[in-house]
Amino acid sequence: MKKQTIFLLSSIFFALDLVVKQVIRLFLTHSLPLIPHFLSLTYTENRGAAWGIFDQYPILLIGIAIFFLWFLLHNIKQEAKIKKITGLAYALILGGLLGNLFDRLFFGYVIDYIQVFLGNYAFPIFNLADTFLVVGIILWIIEIIRGEKHEL
C-alpha cells in the first residue's frame with residue numbers, strides 16, 4: 001500500500017471520529033438504547049485511559065500518545081513496501097490515536113459514547129477511535145505473526 005493511501009485513510013478515520021464525537025457531544029442528552037440490553041449510546045467524558053485508569057495523569061497519557069504516534073510514523077517511513085493489511089492497520093491506529101489525542105488536547109478528556117452490555121456486565125464506555133485502535137492493533141499483530149511464520 002502506498003504511504004499516501006495510509007495517510008489518506010487515517011485522515012478519513014480521524015475525521016469520521018471527530019464528526020461522530022461532536023454530534024454525540026452536541027445532541028446526545030441522555031442514554032439512547034440502540035439494541036435493548038446490549039448496545040446504547042451514552043455520552044461520557046473520560047479523563048483517563050481504558051477503564052478510566054491514569055485519570056490523574058493527563059500529561060502522561062498525552063505523552064504516551066505522542067510517543068506512539070512518532071513510533072508509528074517512523075515505522076511507516078522506514079518500511080520500503082507496506083502490505084495492504086499492514087497499511088490498513090497503520091491507518092486505523094493513526095486515525096484512532098489522532099482522534100483521542102485531539103480530544104485530550106482540546107477538551108482535556110476523551111469523548112466516549114458506545115456502551116455495550118454483556119448480560120449483567122456493562123463494558124466500559126468507549127468510542128470509534130478506540131475501536132479503530134483495537135482493530136488496527138489486532139490486524140498489525142496478525143500480520144507480524146504471519147510474517148514470522150513465513151520466515152521460519
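Analyst: **Helix α1 and its neighbours**

Lys3, Ile6 and Phe7 of α1 meet Leu73, Ile76 and Lys77 of α2, where contact means heavy atoms within 4.5 Å. Helices (H or I, at least four residues) and strands (E, at least two) are DSSP runs, numbered from the N terminus. By class, this contact of α1 with α2 has 4 nonpolar, no polar and 2 charged residues. Here Ala, Val, Leu, Ile, Met, Phe, Trp, Tyr, Cys and Pro count as nonpolar, Asp, Glu, Lys and Arg as charged, and the others, Gly among them, as polar.

A word on the model before we go on. It is a predicted one, in which local features need pLDDT of at least 70 and side-chain atom pairs count only at pLDDT 80 or more, while totals for chains, interfaces and linings use all residues. Residues are numbered from 1 along each chain as its sequence is written, and side-chain values use heavy atoms, with hydrogens and water left out.

Now to the geometry of the pair. The axes of α1 and α2 come within 10 Å and cross at roughly 155°; axes are lines fitted to C-alpha atoms, for helices over the stretch in contact, and angles run from 0 to 180 degrees between N-to-C directions. The two helices are therefore roughly antiparallel to each other (angles under 35 degrees count as roughly parallel, over 145 as roughly antiparallel, 65 to 115 as roughly perpendicular and the rest as oblique).

Leaving out residues up to four places away in sequence, Ile6 touches Met1, Ile76, Ile82, Gly87, Tyr90, Ala91 and Leu94. Asp17 also lies in α1, and it is buried, with a relative accessible area of 0% (buried means under 20%, exposed over 50%, partly exposed in between, with a 1.4 Å probe and protein chains only).

Ile6 leads us to the core. The largest nonpolar core has 31 residues, and Ile6, Leu72, Ile76, Tyr90 and Tyr113 have the most contacts inside it. Such a core is a set of buried Ala, Val, Leu, Ile, Met, Phe, Trp, Tyr and Cys residues joined through side-chain atoms within 4.5 Å. Two or more residues each come from α1, β2 (39-46), α2 (58-78), α3, β3 (110-118) and α4 (128-151), and the largest share, 8 residues, is from α3.

Finally, the setting. The chain has 4 helices and 4 strands, in the order α-β-β-α-α-β-β-α along the sequence. Of its 152 residues, 38% are buried.
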